[in-house]
Amino acid sequence: MEKIVVNFQPMDKSVKVRPGTTVLRAAREAKVPISTRCGGKAGCLMCKILLEPDQAAALTSPTEAERRKLGYQIEQGYRLACQAKICGQGVVRVPEDPLKAAIRKQLEQQQDDSLW
Ligand code: FES
């Protein structure tokens with residue numbers, strides 16, 4: 001079976017995987033960190049990834065669990081890395097961890113405040 005190239009952004013890391021591999025497993029093979037807490041059971045929503053509209057063919061259709069958990073976010077391109085399987089070449093965007101994003105914003109705010 002021919003392997004498929006998946007690229008992870010913004011870290012720009014690529015990996016070749018077999019069709020049917022979950023995005024989470026592919027990310028681990030590419031050494032791309034994606035947080036999980038539920039062990040890949042669509043329970044924690046920490047493994048959200050973003051798929052650009054022109055990349056939709058890269059992954060299998062959303063599972064029932066993804067639709068139930070993500071709701072309207074599916075239409076925005078969000079998927080669960082533990083549920084979505086790779087079926088074609090594509091680019092997957094890994095959003096910044098919400099906790100890291102909050103800390104980064106706070107640090108940026110403190111830097112701005114210290115300038116005054
Ligand atoms: S790993 Fe928990 S929802 Fe995907």
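Student: How many bridges join strand β1 to β2, and do they run parallel or antiparallel?

Tutor: In general, the strands of a sheet pair through backbone hydrogen bonds, in a parallel or an antiparallel way. In this predicted model, β1 (residues 4-9) is joined to β2 by 5 bridges, and the two run antiparallel. Within this pair, N7 stands opposite S14 in β2.

Student: What lies between the strands in the hairpin of β1 and β2?

Tutor: There are 3 residues between them, and D12 takes a positive phi near 50° in this hairpin.

Student: Which strand is joined to β3 by 3 bridges?

Tutor: That is β4, which runs antiparallel to β3 (residues 48-51). Here I49 stands opposite R79 in β4.

Student: What is the order of the strands in the sheet?

Tutor: The order is β2-β1-β5-β3-β4, in an open sheet of 5 strands with mixed pairing. At the edges are β2 (13-17) and β4 (78-80), each of which pairs on one side only. From one strand to the next, the twist averages 35°.

Student: Where do the side chains of a regular strand point?

Tutor: They alternate between the two faces of the sheet.

Student: What pattern does the protein follow along the sequence?

Tutor: Read that way, the pattern is β-β-α-β-α-β-β-α, with 3 helices and 5 strands.

Student: How many of the residues count as buried?

Tutor: A residue is buried if its relative accessible area is under 20%. Of the 116 residues here, 36% count as buried. The protein exposes about 7,600 Å², and carbon and sulfur atoms supply 51% of that area.

Technical notes. Residues are numbered from 1 along each chain as its sequence is written. This is a predicted model: local features need pLDDT of at least 70, side-chain atom pairs count only at pLDDT 80 or more; totals for chains, interfaces and linings use all residues. Side-chain values use heavy atoms; hydrogens and water are left out. Two strands pair if DSSP finds at least two bridges between them. Helices (H or I, at least four residues) and strands (E, at least two) are DSSP runs, numbered from the N terminus. Axes are lines fitted to C-alpha atoms, for helices over the stretch in contact, and angles run from 0 to 180 degrees between N-to-C directions. Buried means under 20% relative accessible area, exposed over 50%, partly exposed in between (1.4 Å probe, protein chains only). Accessible areas come from the Shrake-Rupley method with a 1.4 Å probe; for residues, only the protein chains shown count as cover.
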